[in-house]
Amino acid sequence: MSAGRHRMRSNIHAAGAAAAVGVLAVTAGGYFGYQQLAQSDCSGKIDLAVAVATELAPAVDAAATQWEQDGAAVGGTCIDVTVSASEPVEVAATVAAKHGATLAGVGQASGTAVSPDVWVPDSSTWLLRLKTGGATAFDPGNGSSIARSPVVVAMPQPIASQLGWPEKKLSWVNLVQRVNSSKPLKTGIVDPTRDAAGLSGLLSLTAAAASAGTDAQKDTVGALRALATGRSNIRQDLMAKFPTAEDPTTIARSLGAAALSEEDVIEYNSKKPPVPLAALYLEPASIPLDYPYAVLPGIEPAKASAARVLFEVLTHPSFQNRLAAQSLRAPDGNWGEGFTAPPGAPSPAGGTANPPSNGGGAAGALDPGAIERAVSSWSIATQSGRLLCIIDVSGSMTAKVPTANNATRQQVTVAAAQRGLNLFDDSWQIGLWTFSTKLDGDKDYQELVGIGPLSRQRGQLEQALAGVRSSKGDTGLYDTVLAAYKTVQDNWDPAQVNSIVLFTDGKNDDDNGISQAELLAQLKSIKDPQRPVQVVLIGIGSEVNKAELKAITDITGGGPFVTEDPNSIGTIFLKAIALRKSGT
């Protein structure tokens, strides 16, 4: 179903005005309470705007319409509810803009978009990403689920049959092996920064690849690249890549596997395609789509009360059959009357991997760090840029890191850079510098590899990183930043995001270099809005002055990232690059 506007009017009065703080938790059980207080007429009106994931919207609309027909009212105030079928990524962009959050890959909100009072996205991962992205008013654990759809691997039935479907139980490890084999399975994905089922599949696939022991890094990168080759921005485009004819040649050339929801597969097969899809419920179970009911922060108390009563309607047992008509399950993973289960579908399903807590959504079982790493790695693996990487080699980088088996800060930093390099594909342009004081004659910095295409100099970069050693010098930060900025700006590429990523464990302490005031003045002077260069500064340890770093990035764009634990810089590096790609 395409996104459209679903509208219904209901006459309800909010008996009380509960304060709306954060994303409100709501509990089922009071469906008949408002009916007992129904009146024949009412006065006044409260408008309640509800944005619902497209596939669920008809069920919500139908339940709300029935609510109106039952004459539902409380007290003397009418409630007008407008249900809008909305793609979660579009609402997420609007909500993020309103609450000051940054979501990699989501993009800017539409200028005409309005934040709803209640939002029912397809997954609690949206709420968690908003929280970790800077929307501090969000409490992802309080979005109580009103529906569920397991995330499966959709595969043309002839291919699935070759793997033993539906009798044989398959795992994500099996899929990784097929993806990275000499005759790889053609896989695809809806961009996981914009699609919850895609994100769930990415998390499962990368977790399986990471369990491969010594080949974990290779398998992870291979899986990311394979998915990236067949990626789409919207679900309809991805599903159009499945085979449109039964002949073996067409099947071999078409999409062979993709992470989608169970509902997607049922809906696809209902149209009687020439090659139906199998739904593979791989082990361990992926994070399901759990459709959390989130009352958004800051709405009026009267609207918050009305939203609570609407939630009671949507969690009444009768709603399960409305869900079944839309090929969706109840929050507990069971299905209602009329549900057309795919072959091999477990019942219940969708609740075992991340069971809801006290009726809540799946967010309580989600790992924010894993989601952040997956989204960041995806952004790096699927987009290109022009980047100068600069590593501090001052004497303090020889300090040991207890949380990294006493490896030095230098070793931990280089290892993070090496892992990051493996994620960049050949379309990137990368260069490498080191810096301290008087590292190359009177210069505080030294070019190890000039900025150039990875297709030509990947081996050279790997060799240079392996040879990085700490010096006995101090931290010539200001001279290095200015020289790097000029270098990247001089050969600015309009087809790429041009940026600098610099790692340091200290503040500037070069007595013979330029001052902070001189650096900032020169950056302001040479900054060109037509040739932007974003600067990402990653500070390591307690000696870093974040204000010093922020003063630089406030002028250049980019941002400072500071951690006292060098062991976490790998994650920070990935996050910094991912945010850089989204224009922050």
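Which residue forms a salt bridge with Asp-117? In this predicted model, the partner is Lys-303, and the closest N and O atoms are 3.4 Å apart. The pair links distant parts of the chain, 186 residues apart. Asp-117 sits in the loop between helix 3 (88-99) and strand 4 (118-120). Lys-303 belongs to helix 12 (residues 301-314). Asp-117 has a relative accessibility of 10%, so it counts as buried. Lys-303 is also buried, because its relative accessible area is 17% and the cut-off for burial is under 20%.

The count of salt bridges comes to eleven. Another of them joins Arg-458 to Asp-426, with the closest N and O atoms 3.0 Å apart. Arg-458 lies in helix 16 (residues 454-466), whereas Asp-426 lies in the loop between helix 15 (409-423) and strand 15 (429-440), so the pair ties together parts that are 32 residues apart in sequence. Arg-458 counts as buried at 18% relative accessibility. Asp-426 is partly exposed, with a relative accessible area of 44%.

Lys-550 is partly exposed, at a relative accessible area of 42%. Asp-554 is exposed, at 52%. Salt bridges also link Asp-122, Asp-195, Arg-235 and Asp-264 in a network.

Five strands make up an open sheet in the order 8-7-9-6-10, and their pairing is mixed. Strand 8 (231-232) and strand 10 each have a single partner strand, so they stand at the edges and one side of each has no neighbour in the sheet. At one end of the order, strand 7 (residues 187-190) pairs with strand 8 in the parallel sense over two bridges. Here Val-190 stands opposite Ser-232 of strand 8. Helix 11 (residues 262-270) packs on the sheet and touches strand 6, strand 9 and strand 10. The direction of helix 11 makes about 105° with that of strand 9. Helix 7 (residues 196-210) lies across strand 6, strand 7 and strand 9 (257-261), and runs at about 125° to strand 9.

Strand 6 (residues 151-156) and strand 10 run antiparallel and are joined by four bridges. Ala-154 has Ala-279 of strand 10 as its bridge partner. In a regular strand, side chains alternate between the two faces of the sheet. Strand 10 (residues 277-280) is covered on both faces. Leu-277 and Ala-279 are buried on one side, and Ala-278 and Leu-280 are buried on the other.

Some backbone features stand out, because most peptide bonds are trans and most residues other than glycine have a negative phi. The bond from Trp-165 to Pro-166 is cis, with omega near 0°. Pro-166 is in the loop between helix 5 (157-162) and helix 6 (172-179). The bond from Ser-347 to Pro-348 is also cis, with omega near -5°. Pro-348 is found in the loop between helix 13 (319-325) and helix 14 (368-382).

Lys-272 has a positive phi, near 55°. Its place is the loop between helix 11 and strand 10. At 72% relative accessibility, Lys-272 counts as exposed. Tyr-291 has a positive phi of about 45°. Tyr-291 lies in the loop between strand 10 and strand 11 (292-295). Its relative accessibility is 0%, so Tyr-291 counts as buried.

Terms used:
Residues numbered from 1 in each chain as written. Predicted model: local features only at pLDDT ≥ 70, side-chain atom pairs only at ≥ 80, totals over all residues. Heavy atoms only, no water. Buried < 20%, exposed > 50% of the residue type's maximum accessible area, 1.4 Å probe, protein only. Pairing = 2+ DSSP bridges. Contact = heavy atoms within 4.5 Å. Axes fitted to C-alpha atoms, helices over the stretch in contact; angles between N-to-C directions. Salt bridge = Lys/Arg side-chain N within 4 Å of Asp/Glu carboxyl O.
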